[in-house]
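Here is my note on this model, point by point. Please read it with the structure open beside you.

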Amino acid sequence: MGIDFTGKWRPLPDSVTIKDSDIEGLGLFAKDKIPANTNLGTMRILLDDEWIRTALGSFSNHVDNNPTCINVEDVNKKGYKYFYLKTIKDLEPGDELTLTYKMPEYYEEQ
């Protein structure tokens, strides 16, 4: 008997993979064309005053200039603050998904 994961949450969208990055360690890369303004999913969520990172939040790499994505703050139906990853330009297969970090926990660690 197997587990049916149809329609269930996945750590990465089907259009994204993790592989070696020229920026730092591992990074997120487009497997397919991804249009600008695509919401790729939750990066971080605030639970009991602690930020929890997802795979999108763990493997996204920082760049100072010309990022391909932004993180957008929102509140979910349960009232938890979270950030999701959104593309800001059209991406081609092989493009790295990058952003300029602006999450509160990033600045707290500095």
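1. **Strand S2.** Start with S2, which is mostly covered: of its five residues, four are buried. The strand spans residues 26-30. Bear in mind throughout that this is a predicted model.

2. **S1 and S2.** S1 runs antiparallel to S2, and five bridges join the two.

3. **S2 and S8.** S2 also pairs with strand S8, residues 96-99. The sense is antiparallel, over two bridges. Here phenylalanine 29 has glutamate 96 of S8 as its bridge partner.

4. **The open sheet.** Which strands make up the open sheet, and in what order? There are four, in the order S1-S2-S8-S5, with mixed pairing. Strand S1 (16-20) and strand S5 (61-62) are the edge strands, each pairing on one side only. As a reminder, strands of a sheet pair through backbone hydrogen bonds, either parallel or antiparallel.

5. **Strand S7.** S7 covers residues 81-87. Five of its seven residues are buried, so the strand is largely enclosed by the rest of the structure. S7 pairs with S3 (residues 39-47) in the antiparallel sense over five bridges. Within that pairing, threonine 42 has tyrosine 84 of S7 as its bridge partner.

6. **S6 and S7.** S6, residues 69-75, is joined to S7 by seven bridges, and the two run antiparallel. Cysteine 69 stands opposite threonine 87 in S7. This hairpin has five residues between the strands. Glycine 79 takes a positive phi there, near 90°.

7. Tyrosine 80 sits in the loop between S6 and S7. Is this residue buried or partly exposed? It is partly exposed, since its relative accessible area is 35% and buried would need under 20%. Together with Leu47 and Ile52, Tyr80 makes a nonpolar surface patch of about 230 Å².

8. **The salt bridge.** How many salt bridges does the structure hold? One. Glutamate 73 forms it with lysine 81, and the closest N and O atoms are 3.5 Å apart. Glutamate 73 is partly exposed at 46% relative accessibility. Lysine 81 is partly exposed too, with a relative accessible area of 32%. In general, side chains of opposite charge can pair when their charged atoms come close.

9. **The nonpolar core.** The largest nonpolar core has 15 residues. Those that touch the most other members are Val16, Leu28, Leu40, Leu56, Leu85 and Leu97. S2, S3, helix H1 (55-59) and S8 each supply at least two residues of this core. In soluble globular proteins, nonpolar side chains tend to be buried together.

10. **Leucine 40.** Which residues does leucine 40 touch, not counting those up to four places away in sequence? They are Pro13, Ser15, Val16, Ile34, Leu56, Leu85, Thr87 and Leu97.

11. **Serine 15.** Serine 15 lies in the segment before S1. With a relative accessible area of 16%, serine 15 is buried, because the cut-off is under 20%. Leaving aside neighbours within four places in sequence, its contacts are Phe29, Ala30, Lys31, Asp32, Ile34 and Leu40.

12. **Threonine 98.** Threonine 98 lies in strand S8. Its relative accessibility is 5%, so threonine 98 counts as buried. Not counting residues up to four places away in sequence, threonine 98 touches Ile23, Asn61, Val63, Asn66, Pro67, Thr68 and Cys69.

13. **The whole chain.** The protein has two helices and eight strands. From the N terminus on, the elements run β-β-β-β-α-β-β-β-β-α. Of its 110 residues, 35% count as buried. Among contacts between residues at least 6 apart in sequence, 60% join residues at least 24 apart. The accessible surface comes to about 7300 Å², and 47% of that belongs to carbon and sulfur atoms.

Note on methods: Residues numbered from 1 in each chain as written. Predicted model: local features only at pLDDT ≥ 70, side-chain atom pairs only at ≥ 80, totals over all residues. Heavy atoms only, no water. Pairing = 2+ DSSP bridges. Buried < 20%, exposed > 50% of the residue type's maximum accessible area, 1.4 Å probe, protein only. Patch = residues over 30% accessible without salt bridge, like charges linked within 9 Å, V, L, I, M, F, W, Y side chains within 5 Å. Areas by Shrake-Rupley, 256 points an atom, 1.4 Å probe, with all protein chains shown as cover. Salt bridge = Lys/Arg side-chain N within 4 Å of Asp/Glu carboxyl O. Core = buried A, V, L, I, M, F, W, Y, C linked by side-chain atoms within 4.5 Å. Contact = heavy atoms within 4.5 Å.
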